[in-house]
Amino acid sequence: MTAGPPPAGGRPARAVPADGPGAPLVLGLLLRWARTPVLVRVLLVYAAARLVSAAVLAAVARFQEPSDWTPEGAGYRDMLGLWDATWYRRIAEDGYPGAVPRDGAGAAQQSELAFYPVLPLLVRALGAAGVPFETAGAAVALLAGAAAAVGAHLVLERAARAAGAGAAVARRAARSGAVLLCVSPPSLVYQVPYTEGLALALLTGFLLALLDGRWLTASALALLLGLTRPVAVPLSAVVVVHLLVRVRAARRAAPGGGPARPAGRDLLRAGVLLTSSAAAAGLWPLTAWWLTGERDAYTATMGAWRADGRVEWLRPWWDVSQYLLGDVAGPLVLVALVAGYAALLLSRRAAVLGPELRTWCLAYPGYLLLVLDPFTSLFRYLVLLFPLGGLVALRPGRRGTLWALVAASLALHVVWVAWLWRFSPPADWPP
């Protein structure tokens with residue numbers, strides 16, 4: 001390569017390869033990344049995202065005001081024990097109360113009975129070995145989140161292939177879904193003593209077992225999920241759709257398209273799956289009844305977190321929409337958003353998710369609409385809608401969309417942690 005003429009009044013320009021001195025290093029890193037097994041890449045992305053979360057939380061801790069939650073000069077470890085983690089600490093250290101705590105008027109008060117037992121039991125097991133609660137809770141959450149990221153990739157790729165998508169489309173769906181799960185704005189919950197990571201790990205395991213036809217494994221995971229977070233109700237809808245799809249496929253494969261006769265073993269396994277998924281929703285309410293002797297122990301306790309002291313179906317969303325946007329515009333916008341979301345999930349574009357994942361993405365928000373008061377915790381509840389990430393960058397050349405969403409998610413992650421995780425009296429906006 002020949003150097004150009006010297007600039008006016010200066011020394012001759014130095015000859016530099018067109019691809020730059022760092023090109024071989026960059027090319028080598030890209031080749032090494034491409035040769036790395038895909039699930040290892042998922043874990044590396046997850047680890048990098050958790051380092052970002054740790055840095056953000058450590059920075060936010062510097063602005064934490066002293067309170068009953070945190071001491072003066074709170075650090076990263078102190079921030080791990082905020083909010084719901086305090087309830088899980090009480091359960092891990094002292095167990096559940098033997099009666100529903102009530103005030104002088106008999107109204108149920110907030111208590112540990114609203115929180116599910118799998119996470120605190122795991123943390124208690126580590127605590128028995130001398131591991132402090134914050135460290136044990138963070139370790140359980142981190143490992144569960146890593147399993148969820150890998151599980152999300154496997155589930156999305158398997159579902160896309162089962163739905164008839166090509167190998168390239170299935171890989172893109174799996175990649176975008178797993179990456180966005182790792183970097184979502186509330187992804188800090190994968191490294192604090194919260195249950196979203198654990199629930200995601202069990203959910204992806206359940207869906208993977210379902211898609212693979214391992215119904216007994218799916219049954220066991222559904223029961224565990226029913227003791228981890230209050231999200232088991234939508235599982236029954238997923239199971240029903242899955243079994244209907246299987247019956248339809250069997251009829252098509254039968255000679256002459258006539259009715260298929262499933263083997264007795266398959267009928268038994270299907271019955272176990274249906275029963276387990278339905279029973280999972282009632283496991284913790286029944287356990288709370290057994291612990292306290294009060295039939296409504298769980299629902300009464302959950303009502304203590306509601307503005308009017310009881311759980312109301314759908315009404316809180318309607319009221320909040322009116323509060324934010326007005327008596328007419330609010331409900332209209334709410335209905336439009338729900339209808340638009342349902343249309344997206346029922347569109348041809350979402351067919352790549354397959355019937356089971358589409359059913360989950362419809363049933364779970366529907367369940368939240370029915371029983372949840374819309375509040376700041378909603379952001380972290382939505383991480384269980386990980387299949388939606390699989391709809392990003394499905395077409396070749398759309399990778400830029402994925403990276404734009406990654407950048408936006410990381411920016412919103414900073415906002416979410418700084419806004420919600422930091423306890424700043426008298427404001428109380430729990431994440």
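I began with Arg-380, which makes a salt bridge with Glu-196, their closest N and O atoms 2.6 Å apart. For my own record, a salt bridge here is a side-chain nitrogen of Lys or Arg within 4 Å of a carboxyl oxygen of Asp or Glu. Arg-380 sits in helix H16 and Glu-196 in helix H8 (residues 196-211), so this pair ties together parts 184 residues apart in sequence. Helices are DSSP runs of H or I with at least four residues, and they are numbered from the N terminus. I found both Arg-380 and Glu-196 buried, where buried means under 20% relative accessible area, exposed means over 50%, and partly exposed is in between (1.4 Å probe, protein chains only).

Before going on, I noted that this is a predicted model, in which local features need pLDDT of at least 70 and side-chain atom pairs count only at pLDDT 80 or more, while totals for chains, interfaces and linings use all residues. Residues are numbered from 1 along each chain as its sequence is written, and side-chain values use heavy atoms, with hydrogens and water left out.

How many salt bridges does the structure hold? I have 12 written down. One of them joins the side chains of Asp-84 and Arg-380, at 2.9 Å from N to O. Asp-84 lies in helix H4 (residues 84-94) and Arg-380 in helix H16 (residues 378-381), so the link spans 296 residues of sequence. Asp-84 and Arg-380 are both buried.

Next I looked up Glu-134, whose salt bridge with Arg-89 has its closest N and O atoms 2.1 Å apart. Glu-134 belongs to helix H6 (residues 133-162) and Arg-89 to helix H4, so parts 45 residues apart in sequence are tied together. Glu-134 counts as buried because its relative accessibility is 12%, whereas Arg-89 is partly exposed at 25%.

**His-242**

I then went to helix H10 (residues 233-253), where His-242 is found. Is His-242 buried or exposed? It counts as buried, because its relative accessibility is 1%. Leaving out residues up to four places away in sequence, His-242 touches Leu-210, Trp-215 and Glu-356; contact means heavy atoms within 4.5 Å.

**Asp-103**

Asp-103 is in the loop between H4 and helix H5 (118-127). I have it as partly exposed, with a relative accessible area of 33%. Which backbone nitrogen does the side chain of Asp-103 reach at 2.9 Å? It is that of Ala-105. The backbone nitrogen of Ala-107 lies 2.8 Å from a polar atom of the Asp-103 side chain.

**H2 against H6**

Last, I checked a helix pair. The axes of helix H2 (residues 38-61) and H6 come within 10 Å and cross at roughly 135°; axes are lines fitted to C-alpha atoms, for helices over the stretch in contact, with angles from 0 to 180 degrees between N-to-C directions. The contact includes Val-38, Tyr-46 and Arg-50 of H2, and Gly-145 and His-153 of H6.

Terms used:
Helix = DSSP H or I, 4+ residues; strand = E, 2+ residues; numbered from the N terminus. Polar contact = N/O pair within 3.5 Å; in protein donor to acceptor, adjacent residues only side chain to side chain.
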